[in-house]
Amino acid sequence: MNIGSRELTSGRALRSKLLLFVLLLAFWIVLTASLALHELVMGAVCAAFVGTLTVALLGRALDPCITPAVLLRLPVFMVRLVWEIIKANIDVAKIIIDPRLPIDPRIVEYRTYLPGDLPRTVFSDSITLTPGTVTVELEGDVLNVHCLCPYHEEGLAGLEALVAWLFGVKGMSQGEEDG
């Protein structure tokens, strides 16, 4: 490693630690619901301590996928995910209320284009949070998803695109995926 790349790595590590500190302090402020000076000082001390302990135990401050851009998009992602969960709840309620109980449970294999562990984990957790679907297994880029109805499988691509948007991953159309 040359000196330039070391400085770059050191700069990224510092930004990562600073971002972790800011996140922890923001979390403190949310939990205390106070902007009193003594609360802010205590929050800063605790955020610095937890951040230092995290780096000492994990060897890094944050996953490289967590960037300020991801944090800015996170509230919009959460609102859209909650909307998807509400829609799925209504759909599953309709299925349960229907006397014919039109279900056809199955496990489908879904190959994702999302890179890295964190985006794939967020995608699989988002699937599980959405009623009617449960991620059974995530192995590499393949997810095994239990779907209550066949059309639930069709919604996986939309959820994947939402997670891709969150992490700034350029989407892949079905044609690019096949060819």
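What share of the contacts in the chain with a separation of 6 or more is accounted for by residues 24 or more positions apart? In this predicted model, such residues account for 67% of those contacts, a contact being heavy atoms within 4.5 Å. Residues are numbered from 1 along each chain as its sequence is written, and side-chain values use heavy atoms, with hydrogens and water left out.

The chain contains 6 helices and 3 strands, taken as DSSP runs numbered from the N terminus (helices H or I, at least four residues; strands E, at least two). From the N terminus on, their order is α-α-α-β-α-β-β-α-α. Of the 179 residues, 27% are buried (under 20% relative accessible area, with exposed over 50% and partly exposed in between; 1.4 Å probe, protein chains only). The chain exposes about 11600 Å², of which carbon and sulfur atoms supply 67%; areas come from the Shrake-Rupley method with a 1.4 Å probe, and for residues only the protein chains shown count as cover.

Helix α3 (residues 68-97) comprises 30 residues and reaches 44 Å from its first C-alpha to its last, close to the expected 44 Å; the expected span is 1.5 Å times one less than the number of residues. A kink of about 40° lies at L74, shortly before the proline P75, the bend being the angle between axes fitted to the seven residues ending at a position and the seven starting there. The buried residues of α3 are V70, F77, L81, I85, A88, V92 and I95. Their cover includes α4 (117-129) and α5 (156-167).

Helices α3 and α4 pack at an angle of about 35°, with their axes 9 Å apart; axes are lines fitted to C-alpha atoms, for helices over the stretch in contact, and angles run from 0 to 180 degrees between N-to-C directions. F77, L81 and I85 of α3 meet V122, S126 and L129 of α4. These residues divide into 5 nonpolar, 1 polar and no charged (Ala, Val, Leu, Ile, Met, Phe, Trp, Tyr, Cys and Pro count as nonpolar; Asp, Glu, Lys and Arg as charged; the others, Gly among them, as polar).

Within α4, P119, R120, V122, F123, S124, S126 and I127 are buried. The buried residues of α4 pack against α3, β1 (106-111), β2 (133-139), β3 (142-147) and α5.

Notes: This is a predicted model: local features need pLDDT of at least 70, side-chain atom pairs count only at pLDDT 80 or more; totals for chains, interfaces and linings use all residues.
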